[in-house]
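Visitor: Hi! Could you walk me through this structure? I'm new to this.
Guide: Happy to, let's bring it up.
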Number of protein chains: 2
Amino acid sequence: MMEKIEVDQYSIWLGPAATSLGKVLESFPTARLFILTDDHTHICCLPLIESALKDRDYQVCQIRPGEPFKVITTAISIWQDMTSAGLDRHSMVINLGGGVIGDMGGFCAATYKRGIKFIQVPTTLLSQVDASIGGKLGIDFDGYKNHIGVFQSPLAVLIDPVFLDTLSDRELRSGYAEVIKHSLIADGGHWPVLTQIHDLRHADWHSIIRRSLEVKRKIVIADPYEKGIRKLLNFGHTLGHAIESHFLQSGMPLLHGEAIAAGMIYEARLSVRYGGLTTGQLINISNYIEILFGPPPQVELVDLLPVLRQDKKNKGVQISFSLLEDIGKSKWDVLLNESDIQF
Amino acid sequence: MMEKIEVDQYSIWLGPAATSLGKVLESFPTARLFILTDDHTHICCLPLIESALKDRDYQVCQIRPGEPFKVITTAISIWQDMTSAGLDRHSMVINLGGGVIGDMGGFCAATYKRGIKFIQVPTTLLSQVDASIGGKLGIDFDGYKNHIGVFQSPLAVLIDPVFLDTLSDRELRSGYAEVIKHSLIADGGHWPVLTQIHDLRHADWHSIIRRSLEVKRKIVIADPYEKGIRKLLNFGHTLGHAIESHFLQSGMPLLHGEAIAAGMIYEARLSVRYGGLTTGQLINISNYIEILFGPPPQVELVDLLPVLRQDKKNKGVQISFSLLEDIGKSKWDVLLNESDIQF
């Protein structure tokens with residue numbers, strides 16, 4: 001089944017990626033293609049789209065996988081490979097991988113010769129429901145996540161649930177944190193459906209992704225540059241990012257979604273005090289997240305402050321949160337002093 | 001005298017920079033300021049705007065001057081300084097200097113936390129009439145000029161002819177190449193005025209800049225992303241950039257405008273063959289440029305080809321030129337094979 005979902009200036013294709021890629025490339029018969037992969041997606045995912053690439057002039061660039069490589073030195077090596085490949089303004093970059101590949105490959109494409117076209121082919125659940133949509137691109141810098149980057153829309157996003165078979169259980173669960181988030185902030189009707197799902201490996205991903213995407217799609221169309229409502233998507237992420245950075249620096253890295261799951265539990269607690277969430281709803285949310293992820297890791301506020309203070313959403317010394325008012329309803333720009341943050 | 005010229009989403013202020021800066025900053029009373037300077041503008045230009053900065057929270061970042069420092073390593077050090085200075089999304093970068101400062105400081109601001117506000121205060125003639133308007137930002141990379149960058153509009157551009165007193169004769173003349181270009185491509189009426197000017201030091205810069213800016217302003221408003229008519233601004237620059245790169249690599253660097261002056265003479269010759277310029281007009285143009293700049297440096301096409309082949313405007317193997325049809329009239333997308341390029 002192929003569905004085509006329109007976002008502002010581009011389309012999300014949900015269905016077999018070889019088919020959608022073939023369709024998109026039809027309009028650019030002579031564009032030179034540059035495919036960014038990592039060690040994992042090169043082996044597991046590239047073969048699944050190769051039928052769309054036959055008779056095309058393309059070059060594959062392979063980087064090492066994982067967040068530690070989403071840094072300026074890798075971006076420099078990608079720009080160098082783009083240059084060696086002779087990419088011109090009519091060339092096209094295909095980012096085949098998870099959030100690291102999409103964010104960094106998109107950033108490199110959006111800055112190469114002041115911007116060339118790129119297609120996102122997200123291969124993790126996390127990037128399929130979140131990172132690949134909304135045009136946020138960038139790299140980590142000086143220990144801060146996505147510190148250097150731009151907003152730029154891709155030519156298209158191609159989502160194929162078959163790629164989820166290439167993920168470990170832990171990675172699949174990590175991505176599911178964003179599905180939970182989308183329901184909590186803006187789709188209360190999806191929550192009773194989701195909470196029935198305990199075996200992620202055998203879930204109906206096409207329909208889950210379809211519905212979860214709809215939340216993000218509506219929000220980024222309404223506010224592409226995160227001036228207002230788009231900040232809702234940061235629920236769980238203010239503390240979640242800080243938790244992710246803290247455990248990374250401690251040498252016990254969490255996956256992004258694992259940190260966000262913990263961030264959502266802690267920010268749901270803040271939501272009872274500052275958002276209007278009831279204690280019953282908090283328990284409902286925490287229980288489901290803990291069934292899947294286990295109890296959130298213990299962490300002290302003092303360890304999170306250095307990162308919290310660098311958060312892009314802050315205003316002066318106050319930390320900005322997006323909190324829940326209800327399951328499926330949320331508000332942004334809740335400014336808290338450091339002393340107010342107790343979880 | 002203060003004039004305010006509207007470009008799309010921002011204003012160009014032509015007049016005393018301390019006054020215009022004060023006016024612009026009034027609307028952002030609490031924004032933290034980050035002023036990018038080089039060794040030269042720190043000493044010669046910063047004092048001229050300091051009266052607008054009193055009672056403000058600002059930090060000065062000073063880099064080494066010149067094109068060789070418009071590279072990723074300098075950009076990284078600027079991003080690090082921005083991070084140390086604790087800049088948030090409400091902060092503002094003031095780029096005080098020539099094209100290197102404006103292009104690189106603008107690029108760093110446009111990518112820091114996915115983009116913060118910046119003000120261009122161009123201090124060279126070149127950047128006052130050209131680089132500071134139109135939102136082209138970036139750095140050189142792997143020997144290619146402006147190879148990595150983005151399009152992004154500044155909050156404002158503040159042009160003050162008093163800064164021209166801080167330039168050497170050679171730098172002033174270099175900037176004048178772009179004034180000549182603007183007249184040749186789109187303002188034939190300015191040409192008889194300009195050709196009367198032989199002593200650049202005592203020219204009426206306010207009115208020259210005003211009229212020259214008007215050409216660029218109209219063009220970038222009509223075509224901000226260089227899909228069409230904006231390519232006219234590349235007259236003299238296809239060969240000029242290649243000449244600039246060639247002499248840089250040979251250890252005998254030319255100033256940008258010196259390379260462009262040579263590029264304009266050579267491309268005016270191509271314009272006779274492929275553009276419709278008359279031989280008499282070619283002589284008129286060459287004579288005036290040579291009076292100011294001397295005869296163009298000797299160079300062989302073969303030395304320019306590596307750079308020409310990387311030109312952002314190319315289509316496949318053909319090199320794209322913007323050529324003159326008349327003095328004050330030009331056309332873009334003249335695609336030539338390498339064998340057609342004889343100057």
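This is a predicted model: local features need pLDDT of at least 70, side-chain atom pairs count only at pLDDT 80 or more; totals for chains, interfaces and linings use all residues.

Visitor: How many residues of chain B are in contact with chain A?
Guide: On the chain B side there are 26, and they touch 26 residues of chain A. Helices H4 (72-84) and H5 (99-111) and strands E7 (136-141) and E8 (144-151) of chain B each supply at least two residues of that side.

Visitor: And what classes are those chain B residues?
Guide: Nine are nonpolar, nine polar and eight charged.

Visitor: How are the two copies related?
Guide: Chain B superposes on chain A by a rotation of 180° with 0.0 Å of shift along the axis, at an RMSD of 0.0 Å. The copies are thus related as by a two-fold rotation axis. Also, 100% of the interface residues of chain B are interface residues in chain A too, so the copies meet through the same surface.

Visitor: New topic: at what angle do H7 and H9 of chain B pack?
Guide: About 50°, with their axes 9 Å apart. Angles between 35 and 65 degrees count as oblique, so H7(B) and H9(B) are oblique to each other. Their crossing is left-handed.

Visitor: Which residues make that contact?
Guide: H7(B) brings B:Val179, B:His182 and B:Ala186, while H9(B) brings B:Ile208, B:Ser212, B:Val215 and B:Lys216. That makes four nonpolar, two polar and one charged.

Visitor: Last one: how do strands E10 and E11 of chain A pair?
Guide: They pair in the antiparallel sense over six bridges. A:Phe321 has A:Val334 in E11(A) as its bridge partner. Two residues lie between the strands of this hairpin, and A:Gly328 takes a positive phi near 100°.

Key. Residues are numbered from 1 along each chain as its sequence is written. Chains are lettered from A and ligands numbered from 1 in the order in which they are written. Two strands pair if DSSP finds at least two bridges between them. Helices (H or I, at least four residues) and strands (E, at least two) are DSSP runs, numbered from the N terminus. Two residues are in contact if their C-beta atoms, placed from the backbone, lie within 7 Å. Ala, Val, Leu, Ile, Met, Phe, Trp, Tyr, Cys and Pro count as nonpolar, Asp, Glu, Lys and Arg as charged, and the others, Gly among them, as polar. Copies are superposed by least squares on the C-alpha atoms of residues with pLDDT of at least 70 in both. Axes are lines fitted to C-alpha atoms, for helices over the stretch in contact, and angles run from 0 to 180 degrees between N-to-C directions. Angles under 35 degrees count as roughly parallel, over 145 as roughly antiparallel, 65 to 115 as roughly perpendicular and the rest as oblique. A crossing is left-handed if the near helix is turned anticlockwise from the far one by less than a right angle, and right-handed if clockwise.
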